[in-house]
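Thanks, everyone. Let me take you through the pockets, the rings and the salt bridges, in that order. Here is the model.

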Amino acid sequence: MSKPEPARYRTTNWKSYNDALKQRGSLLIWLDKDMVWLAPRAGRNGRPAVFSDAAIQFCLMVKVLFGLPLRQTTGMVGSILTMAGLDWPVPDFSTLSRRQKSITVQISGRRTAGPLNLLVDSTGIKFLGDGEWLARKHGTHRRRQYRKVHLAMDTGTGDIRAVEFTSSDKGDSPVLPELLSQVPPEEQICTVTGDGAYDTRRCHTAILDRGAAAVIPIRKNGRLWKEDCPAATARNEILRATRHLGRAIWKRWTGYHARSRIEAKMRCLKSFGERIASRDPDRQTAEIHIRIALMNRFNELGMAEIERVA
């Protein structure tokens, strides 16, 4: 039997995608002069906040984007405001550290014209312990600790639509309902694609509650469930189709291999750094959300459109 020819792909929007890649490397920073930099009066007891959440988020985005400590971040933000001709005050490093713990990061996301097709996955990110090179060279001197980042990506736009940040011992399936709840109820979800870790009653039930179809492979030792609920019936249909067609054909038929796109997004997430700088869980959550906001912003500049040619 001859070896099949490998599939070939080509980019159909190379010019616009090339321009988008150049814009991602541009150092030009646009500042809206009508931006609310100082916090409005809250009318509550105690000392009011000086800087708005938008100002704090801007400073933290500069910190994460350029991998700077807090003190260097304040210096760079001051330089940016000076070059922009704005006499706005710059928050000091202690203000940034304190506000990072309580800020709600605004993550922009585009909506597709039709129903959503979501890809879900998770990855671990280190926040404490020796680096990879030091561990290989001299062995680990202390326990390395991780957190887990759970993402849901829209296949139409490539934007991250939902994110959860949990401890390392948290499984994937318990987090899926929380990810789906972050998508507005008025948005219709067509499919939810995930790996075998999401093959649970909780996940299938959450997907059906949103009126979506699950594209989740059955585990190799999976058996038929007792059909006592709609989720079990839908899951058993996947198992019967897999047995009839074979696992490889079922994955191609359902488009399961598109899940590789969210695995690539995980690499984009770690391109800002293999570890997170914060130690407090709330600050760590804000740092991860800042990374997601930057990824979506870069993605808005343009993305490759690829088609199969052979």
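I start with the second largest pocket: α10 gives the largest share of its lining, four residues. Helices here are DSSP runs (H or I, at least four residues) and strands are too (E, at least two), numbered from the N terminus. A word on provenance: this is a predicted model, where local features need pLDDT of at least 70, side-chain atom pairs count only at pLDDT 80 or more, and totals for chains, interfaces and linings use all residues. Residues are numbered from 1 along each chain as its sequence is written, and side-chain values use heavy atoms, with hydrogens and water left out.

Back to that pocket. It is lined by 18 residues, and Y17, R24, K265, C268 and N299 lie nearest its centre. The elements giving two or more residues to this lining are α1, α10 (260-270) and α11. A pocket, on a 1 Å grid over the protein atoms alone, is an open set of points where a 1.4 Å probe fits, with protein on both sides within 12 Å along at least five of seven lines; lining residues have an atom within 4 Å of a point. The second largest pocket holds about 510 Å³. Volume means the space filled by probe spheres set on the points, which are joined across faces, edges and corners. Its lining divides into eleven nonpolar, four polar and three charged residues. Nonpolar covers Ala, Val, Leu, Ile, Met, Phe, Trp, Tyr, Cys and Pro; charged covers Asp, Glu, Lys and Arg; the others, Gly among them, are polar.

Now the largest pocket. Its volume is about 1,100 Å³. The lining has 28 residues, with L28, I29, W30, F58 and R297 nearest the centre. Two or more residues each come from α1, α2, α3 (70-83) and α11 (281-300). Helix α2 gives the most, seven residues. By class, I count 20 nonpolar, five polar and three charged.

F58 brings us to the rings. Rings of Phe, Tyr and Trp (its six-membered ring) pair if their centres lie within 6.5 Å; planes under 30 degrees apart are stacked, over 60 edge-to-face, the rest tilted. That rule gives four aromatic pairs. One of them is W37 with F58, edge-to-face, 6.0 Å centre to centre and 65 degrees between the planes. W37 lies in the loop between α1 (14-24) and α2 (53-66) and F58 in helix α2, so the pair ties together parts 21 residues apart in sequence. Which residues do ring pairs link into a cluster? W37, F58 and W88.

Are W37 and F58 buried or exposed? Buried is under 20% relative accessible area, exposed over 50%, partly exposed in between (1.4 Å probe, protein chains only). W37 is buried at 3%, and F58 is buried at 13%.

Last, salt bridges: a side-chain nitrogen of Lys or Arg within 4 Å of a carboxyl oxygen of Asp or Glu. The whole structure has 18. R161 pairs with E187, closest N and O atoms 2.7 Å apart. R161 sits in strand β4 (residues 160-167) and E187 in the loop between α6 (176-181) and β5 (189-193), 26 residues apart. Both R161 and E187 are buried. A network of salt bridges links R111, R161, E186 and E187.

E227 bridges to R240 at 3.0 Å between the closest N and O atoms. E227 is partly exposed at 42%, and R240 is partly exposed at 38%.
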